[in-house]
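The following report sets out the geometry of one protein chain, from its overall dimensions to individual sites. Please read it alongside the sequence and the coordinates.

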Amino acid sequence: MSARFSFQLAATDGAARTGVISTPRGEIRTPAFMPVGTAATVKAMLPESVAATGADILLGNTYHLMLRPTAERIDRLGGLHRFMNWDKPILTDSGGFQVMSLAALRKLTEEGVSFKSHIDGSKHMLTPERSMEIQRLLGSDIVMCFDECPALPATQDRVAESMRLSMRWAARSKDAFGDRPGHALFGIQQGGVTQELRAESAEKLREIGFDGYAVGGLAVGEGQEAMFGVLDYAPDMLPADRPRYLMGVGKPDDIVGAVKRGIDMMDCVLPSRSGRTGQVFTRRGVLNIKNARHQDDPRPLDEDCSCPACRSYSRAYLHHVFRSQEIISSMLLTWHNLHYYQELMAGMRAAIAEGRFAAWEADFHAGRAEGDLPQLS
Ligand SMILES: [Zn+2]
């Protein structure tokens, strides 16, 4: 364990990188996938089960936690790690993205965003300073700058204006964050799908100086091709010796494509949310457990998966408990999906370390092209 926050790159293969982020709460092996614990829980999972899937770090949502149970209450109860019984690192978002997507009656000014809670209509204000305060009260290990991001498609003027506001907020976030040894502050690059704006944003962020850098403003409806187009140049604009985080991504093939292009960290609700809607990720792509084809099938979801859902339960059972809306269905399918995502990351880390990422990627796509197991006759 390190008393300070640091990033050590161990190997690169093409643009793909593997390494270790050290924090006082433990190490994060990169490329890393962060399960999302929105309301101080990864839904349907005990924290020790999340750790058992191989997760080194969780993501918490500032917007949700500030409204309920409030950052001040979590602070009084000893901080978010203690509150939710997770002692490994936690990254919190700034609240900026969710306030724009979830809150009512938003008003955006130079100062920040005022809004009404989607839960009870109460009035709140988020500013760079308030976001830093909330993330400090939560005890977050990796704090994100408060930023603003327009939904795509947006006009170039709107994207440029929003990016420049976010860069002014990044400077205010850095000032408000102050000097907190062992905790990291990440800047967020904006600029939509325009290379010049991405370059301007990266230059501004480097000038301010951060412990890590996120590529923001993607996975907001632009599509995979446009996202990869940006990732072909955006990571290179950020310092190579700091972690690079792609926010809110994604599907397994998005993740693989992002790692290939030099991304070190990602988060997404997809594996946990899909676990509750019956969508299952395996090496053979996606299957839907509610389909009738599984109702007599004694085989596991994936014979080579070592998660509890695959070790001890049949597709027929998982189909039954899903159709019966039993709680164990969400528990088992979420566990499997998170396990699959972490295995995916572990596979990429090993492949990059051994200089065989291209071959690994070809296998990944070949497995998915095969499709799910043929139905038993
Ligand atoms: Zn499994």
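## Conventions

A residue is called buried if 20 or more other C-beta atoms lie within 10 Å of its own, exposed if 12 or fewer do, and partly exposed in between, with C-beta atoms placed from the backbone. Helices (H or I, at least four residues) and strands (E, at least two) are DSSP runs, numbered from the N terminus. Two residues are in contact if their C-beta atoms, placed from the backbone, lie within 7 Å.

The model is predicted: local features need pLDDT of at least 70, side-chain atom pairs count only at pLDDT 80 or more, and totals for chains, interfaces and linings use all residues. Residue numbers start from 1 along each chain as its sequence is written.

## Overall dimensions

The chain contains 15 helices and 16 strands. Its radius of gyration is 21 Å, close to the 21 Å given by the globule rule for 377 residues, so the chain is as compact as a globular protein of that length. The radius is taken over C-alpha atoms, and the rule is 2.2 Å times the number of residues to the power 0.38. Along the principal axes, the C-alpha atoms fill a box of roughly 65 × 45 × 45 Å.

Of the 377 residues, 48% count as buried. Among contacts with a separation of 6 or more, 67% join residues 24 or more positions apart. His-320 belongs to helix H13 (residues 315-323) and is partly exposed, with 16 C-beta neighbours inside 10 Å.

## Domains and their interface

The domain assignment, which comes from an automatic or database source, gives domain 1 (6-268) and domain 2 (275-369). Their C-alpha centres lie 27 Å apart, and 25 residues of domain 1 are in contact with 22 residues of domain 2. On the domain 1 side, strand S1 (6-13), strand S2 (16-23), strand S4 (32-35), helix H1 (47-52) and helix H10 (252-260) each supply at least two residues. H10 gives the largest share of that side, five residues. By class, the side comprises 15 nonpolar, five polar and five charged residues; here Ala, Val, Leu, Ile, Met, Phe, Trp, Tyr, Cys and Pro count as nonpolar, Asp, Glu, Lys and Arg as charged, and the others, Gly among them, as polar.

H10 is mostly covered, with seven of its nine residues buried: Pro-252, Asp-254, Ile-255, Val-256, Ala-258, Val-259 and Lys-260. The helix is followed by Gly-262, which has a positive phi near 100 degrees. Val-269 is placed in the loop between strand S14 (265-268) and helix H11 (270-277). Val-269 is 231 residues from Thr-38 in sequence, yet the two C-alpha atoms are 8.8 Å apart.

## Nonpolar core

In soluble globular proteins, nonpolar side chains tend to be buried together. A nonpolar core is defined here as a set of buried Ala, Val, Leu, Ile, Met, Phe, Trp, Tyr and Cys residues joined through C-beta atoms within 7 Å. The largest has 102 residues, of which Met-34, Leu-58, Phe-186, Leu-246 and Met-266 touch the most other members. Helix H14 (residues 327-353) gives the most to this core, with twelve residues. Both domain 1 and domain 2 contribute at least three residues each.

Beyond four places in sequence, the contacts of Phe-186 include Ile-142, Met-144, Phe-210, Tyr-213 and Tyr-245.

## Annotated positions

An unreviewed UniProt entry lists Cys-305, Cys-307, Cys-310 and His-336 under "binding site"; such annotations may be inferred rather than shown by experiment, and their positions are given in the numbering used here, with feature names shortened. Although spread over 32 residues of sequence, the four cluster in space, with a largest C-alpha distance of 8.2 Å.

Cys-305 lies in the loop between strand S16 (285-288) and helix H12 (308-312), and Cys-307 is found in the loop between S16 and H12. Cys-305 is partly exposed, having 17 other C-beta atoms within 10 Å, whereas Cys-307 is buried, with 24. Setting aside neighbours within four places in sequence, Cys-305 is in contact with Pro-300, Cys-310, His-336, His-339 and Tyr-340, and Cys-307 with Trp-335, His-336 and His-339.
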